[in-house]
Number of protein chains: 4
Amino acid sequence: MTDMQGFLYPRTQSGASSLIPSPPWFYSGDLLTVEYRTDPARVKALLPAPLELAPDDPGAVAFIWADWQSCSTDRAELLDPVRSQYKEAFVVVRCSFQGVTYSRCVFIWVDKDFAIGRGLHQGYPKKLGSMWQTRPHPFAQAAPQIAAGGMFGATLSASDRRLAEAVVTLKEPAATNGFVNGHPMAHHRVLPDIAGTGDAYSELIATGAKAAEGGQTWTGDAELRLFDAPTEELADLTVDEMIGGYYRQVGVQWDGGTTLAKITS
Amino acid sequence: MTDMQGFLYPRTQSGASSLIPSPPWFYSGDLLTVEYRTDPARVKALLPAPLELAPDDPGAVAFIWADWQSCSTDRAELLDPVRSQYKEAFVVVRCSFQGVTYSRCVFIWVDKDFAIGRGLHQGYPKKLGSMWQTRPHPFAQAAPQIAAGGMFGATLSASDRRLAEAVVTLKEPAATNGFVNGHPMAHHRVLPDIAGTGDAYSELIATGAKAAEGGQTWTGDAELRLFDAPTEELADLTVDEMIGGYYRQVGVQWDGGTTLAKITS
Amino acid sequence: MTDMQGFLYPRTQSGASSLIPSPPWFYSGDLLTVEYRTDPARVKALLPAPLELAPDDPGAVAFIWADWQSCSTDRAELLDPVRSQYKEAFVVVRCSFQGVTYSRCVFIWVDKDFAIGRGLHQGYPKKLGSMWQTRPHPFAQAAPQIAAGGMFGATLSASDRRLAEAVVTLKEPAATNGFVNGHPMAHHRVLPDIAGTGDAYSELIATGAKAAEGGQTWTGDAELRLFDAPTEELADLTVDEMIGGYYRQVGVQWDGGTTLAKITS
Amino acid sequence: MTDMQGFLYPRTQSGASSLIPSPPWFYSGDLLTVEYRTDPARVKALLPAPLELAPDDPGAVAFIWADWQSCSTDRAELLDPVRSQYKEAFVVVRCSFQGVTYSRCVFIWVDKDFAIGRGLHQGYPKKLGSMWQTRPHPFAQAAPQIAAGGMFGATLSASDRRLAEAVVTLKEPAATNGFVNGHPMAHHRVLPDIAGTGDAYSELIATGAKAAEGGQTWTGDAELRLFDAPTEELADLTVDEMIGGYYRQVGVQWDGGTTLAKITS
């Protein structure tokens, strides 16, 4: 298709129709993170060989809500914000591959198609969901502050079922925004064979932010409730021990990754 | 129904089911305003007698987008933000009643049912729409700042048609957030007769914020495009002369109003 | 507002902007009904005085899902079906007023604003929800038939929580489509006082279809599960004894009602 | 990932979380088709080499709306219809590859994530949209019949802009449901390289229904309007000559395809 333009699909002579433009992609947004420990066997069950559990704190999980504004290089999306704003909720664990520790997104929901398209490229297993998270605002009439006592709620639903809800109550500044989502991501990208036998393509990639900056992280107490659903296994990652909650505003640039392994079936 | 509780409907013994709780209601949010002049005859056509055109600048119109977080007294909505956050776009003109100048919302769209419910009480003629407005963010990777050069886009659609889109480019601080939406609101509240002849109830009320505070308003250049639709008359308020664009973050409390006139049909 | 046109709001000189056109309104759609018995005290708790429990079978409840196409007299909505199609789920009980038995909708959710607008007029206490019900189709690859063995599911959610789900398995033709929703409706229409003390307007009306026709009703086994939510009391109407499930395709015309009592607060 | 189950993603030990289950997939639904001719150069511009224009009637285009209920082998989706029902609108042209004529979907919009997931596998370039099409119903109060005089409207919007609208007025039974979408589909499946240079995977596949049945097709007059949008090129396929409109109810089974060519970049 070298005579056609467009990063993903549909491809045309101009490339204007593509669901997503070429990277780099830019993001400004707010992250609400809840970290907790589950049974490491529940994490291991989500790691395809040869990925192994991370050597330390292998049962640690990060449940993250993000309220994003995003754009590509020409920033045109910012003036037509239906194409720029989206929300997501995702679950990150850690794993080990060839002696290196990676973060890995095991479940993720977003509310726009361009975010699904980016996830196809980045190896995030995105479904559609409905996510909400409390916003801070300079005027407190109906908003918390990013400060001691600030209370932030977050919810996730998909297919008309509530899947998760969290409340984080900020107490103090923190040195980090948690540790589970702090490594490069190790993700699979797969395309099943059209004839129905295994995968036509399967690859393990590493990726992460090319550049990121952020404001002061605040941490505090967190509650997290997970609910069953017939097409989800999120609730299997039971909340056995709470680590903590975090709130941080960030700006991020993403621009590709590298192949760790091409998998032949 | 004195044996039942609940501010609007459905009413029950506890009142917990009511679409909206009792006022006061609290709001934190961002306002993007475009003010312009249309033919005063177009404004007059939207004013039922005995409302008259405002004596000065009678063709002035404010088109306002708002990105809200809201709650009632117990603030429970803030931790379940699907019940707290909503967006709206609305058109305000001015009018005169018994020698006093009022603001009047002539068209408005929101994206949540609780906002429709509040509008029933306040006399805002709310329909459902899909509204988007660019958000400022501390990190500029994919966001403007509320500062010189900050560009904010806003769009409105309803019934799968785009009805309006605006771009405001900030230039400098301003003393006011425009003047068209600056008076108490004069709104009608009507309920058609169930037997089909006229209104069972019709009332002209005055209402406005009980208390409000806001950050520094910024003003700048504005563009506004209005589009036709078979069930809307928004585009009749043609943009004949641009006044300007404004951006302001505010916190507001609303707690009722007063009856100006009960209308017997 | 005699110089303005438009059935509900916003009113203009042409009337074209009104959220809903004047009655009569026309409906073609499919009804999935589950009837059951709850504790009559739970029904009584939803009846404001002077409404009383129906004399026979006072704890009977009908939970109804409807998948509608609707229009007004000029049928313009049918060619722009975003303005014509909607879904709803609603709960009906019976009550007695001045010795006459009425049906009464105590809770209802719809997914379009024009349906909310009609409900304001008709006294249905409508909120927004997300409703889904299995559709019959001539080709059975992914659809049941309206026939013995046909299985129909239905779900209701609001504010990102699932509130109810039902399954009806058809067994045989039935003489009626249940009995709970078979009387004229006795509904309240209320508008709270803008100054905050009681209702500015409160009325008890009677209404029902002006004309209706329907296909063969089928009946069968039914399951119904109700779930708690912080702003709903639906689950208080516990399913103590199942009566049965029904499926029927209908065509309906609605054209107003009559006032039973004007209530002065 | 041979130790993990799940057809697409996310993969787990049970496979229950996969966005889509394994084929075969089953569909019952209604198709509204408008066929017309555009400049063949506009079609050619959408065909990557070595695909060529179809030898006869190369400028023919089919614009199709479909209102589907769908399921996998265990039919569980049918009782939780939020996971079963979806709508789509898509544009099909024809092309020639190695002397064989294929149909090819060049643009498509759907309203559920599971439909996007199926499209990834089948090579349909799916985006999210909002589609509506008039439904036939046995009772004509607010519905057309599939019969002479039946009028059906259909609309497509995405990113809050209306992209297309059609009206088909049925006149008589027809032997076929049009001809443009009547061949096996020739689709590309692509995955861009994570390092940013070309495609990691690109394949040309052939696919089509494994089995299909349908009711009597009706044909009649058609209108079709296409609208510009900044991220779409749909309107470039100008309606130069109308061929006709069609309505048909169908049941379909899909179960994979074959590789026509693996493309190395």
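Predicted model: local features only at pLDDT ≥ 70, side-chain atom pairs only at ≥ 80, totals over all residues.
Residues are numbered from 1 along each chain as written, chains are lettered from A and ligands numbered from 1 in the order written, and side-chain values use heavy atoms, leaving out hydrogens and water.

**Where chain C meets chain D**

- Chain C and chain D each put 43 residues into the contact (heavy atoms within 4.5 Å).
- The copies meet through the same surface, because 100% of the interface residues of chain C are also interface residues in chain D.
- Between them, chain C and chain D bury about 3,400 Å² (accessible area lost on being put together, 1.4 Å probe, summed over both), with 54% of it on carbon and sulfur atoms.
- There are 4 salt bridges between chain C and chain D (a Lys or Arg side-chain nitrogen within 4 Å of an Asp or Glu carboxyl oxygen).
- Arg162(C) makes a salt bridge with Asp80(D), and their closest N and O atoms are 3.0 Å apart.
- On the side of chain C that touches chain D, 20 residues are nonpolar (Ala, Val, Leu, Ile, Met, Phe, Trp, Tyr, Cys and Pro), 8 are charged (Asp, Glu, Lys and Arg) and 15 are polar (the others, Gly among them).

**Where chain D meets chain A**

- Chain D goes onto chain A by a rotation of 180 degrees with 0.0 Å of shift along the axis, at an RMSD of 0.0 Å.
- Tyr201(D) is the residue of chain D that comes closest to that axis, at 3.6 Å (C-alpha).
- Here 64 residues of chain D touch 64 residues of chain A.
- Again the copies meet through the same surface, since 100% of the interface residues of chain D are interface residues in chain A too.
- About 5,300 Å² is buried between chain D and chain A, and carbon and sulfur atoms give 62% of that.
- The salt bridges between chain D and chain A number 4.
- Asp199(A) pairs with Arg11(D) in a salt bridge, with the closest N and O atoms 2.7 Å apart.

Definitions and conventions
Buried area = accessible area lost by both parts, 1.4 Å probe. Least-squares fit on C-alpha atoms with pLDDT ≥ 70 in both.
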